Amino acid sequence: MQPRNMSMSGVVDLAAVKAAQEAKTKAEQTRAETARQGGAGAVSPADLVIDVDEAGFERDVLQRSAEVPVVIDFWAEWCQPCKQLSPVLERLAVEYNGRFLLAKIDVDANQMLMQQFGVQGIPAVFAVVAGQALPLFQGAAAEDQIRQTLDQLVQVAEERFGLTGLTVDPDAEPGGAPAAEVAEGPYEATLNAAAQALDAGDLDGAVRAYRNVLADDPAHPEAKLGLSQAELLQRVQNLDPQKVRREAAEKPADADAQIAAADLDLVGGHVEDAFGRLIETVQRTAGDDRDRVRRRLLELFEVVGPEDPRVVGARRALARALF
């Protein structure tokens, strides 16, 4: 299943944050299910390079990208640089031993995929990680540059998305059993409904759906993230940005004015501004006002994600401001 994406343009790349959390959760589920079935799911080295067409793209690329980074090699039989690059990528796919999967797409037979990725010339190399497409490079790059790019891709996929790759068994038969299917979680339907509500602009419906999940499972990571995002959008939807920013400028110690402005900062993608504004307000206020500002800052940390380096730095700054 593709990661559920949100139509929230301009908001701190919330869709990518959400997809990262989903990918982590699904990767953990896959490993648990594989372990439960006795460790099945290893692939042969030959399965690390696959030919993909339009009919199988969702299954072979989008769905697989929730467990392993998928590198896409757009090529054609008549392309001479492709004949130099493709063997290098195929060799590296085996050498990297399951840390990425190489999908080869013949552009002559798959014009629609070429157009969807915006390929202007070949060879062109992209990656798909947790359903997110990333351009890597175009042309027959040098092998050391390719290795550097692949190393960065593997690192990001593991650290940000929790993707640990495929288990490779040299003795496995090519085309053997794929990794274990991940059973849908008990809240999958409710989470899908929440994502659809967000896409439709039904923020109240999305909030209700996420709260229903959290009522049963208060620590559910996707529901917690989704609720914090939906509530943020709820708060700002009826604000007058000019009025909010004017009041914040005129009243630097007013907790409510600074909280509203910080919400707008974050929705506009100005993460450091939002965090810095509230940390400065913590320093200027006391009592209940200070506590309300601190709580809002913690809520905004949840929206961006605890592993984001901007959150890590802001937590340290908040601790200094408080103590």
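**A close look at the salt bridges**

Tutor: Let's begin with Asp265 and Arg277, whose side chains form a salt bridge at 3.0 Å, N to O. This pair ties together distant parts of the chain: Asp265 belongs to helix 10 (residues 255-267) and Arg277 to helix 11 (residues 271-284), with the two 12 residues apart. Asp265 is buried, its relative accessible area being 3%, while Arg277 is partly exposed at 22%. Please keep in mind that this is a predicted model.

Now move to helix 5, where Arg147 and Glu143 sit 4 residues apart, so about one helical turn separates them. Their side chains meet in a salt bridge of 3.1 Å, N to O. Arg147 is partly exposed, with a relative accessible area of 25%, and Glu143 is partly exposed too, with 28%. Both residues also take part in a network of salt bridges that links Arg91, Glu95, Glu143 and Arg147.

Helix 5 (residues 143-161) itself lies across strand 2 (70-75), strand 4 and strand 5, and runs at about 165 degrees to strand 5. Those strands are part of an open sheet of 5 strands, ordered 1-3-2-4-5 with mixed pairing. Strand 5 (132-138) stands at an edge with a single partner strand, so one side of it has no neighbour in the sheet. Strand 4 (residues 124-129) pairs with strand 5 in the antiparallel sense over 6 bridges.

Definitions and conventions: Residues are numbered from 1 along each chain as its sequence is written. This is a predicted model: local features need pLDDT of at least 70, side-chain atom pairs count only at pLDDT 80 or more; totals for chains, interfaces and linings use all residues. Side-chain values use heavy atoms; hydrogens and water are left out. Two strands pair if DSSP finds at least two bridges between them. Contact means heavy atoms within 4.5 Å. Axes are lines fitted to C-alpha atoms, for helices over the stretch in contact, and angles run from 0 to 180 degrees between N-to-C directions. A salt bridge is a side-chain nitrogen of Lys or Arg within 4 Å of a carboxyl oxygen of Asp or Glu. Buried means under 20% relative accessible area, exposed over 50%, partly exposed in between (1.4 Å probe, protein chains only).
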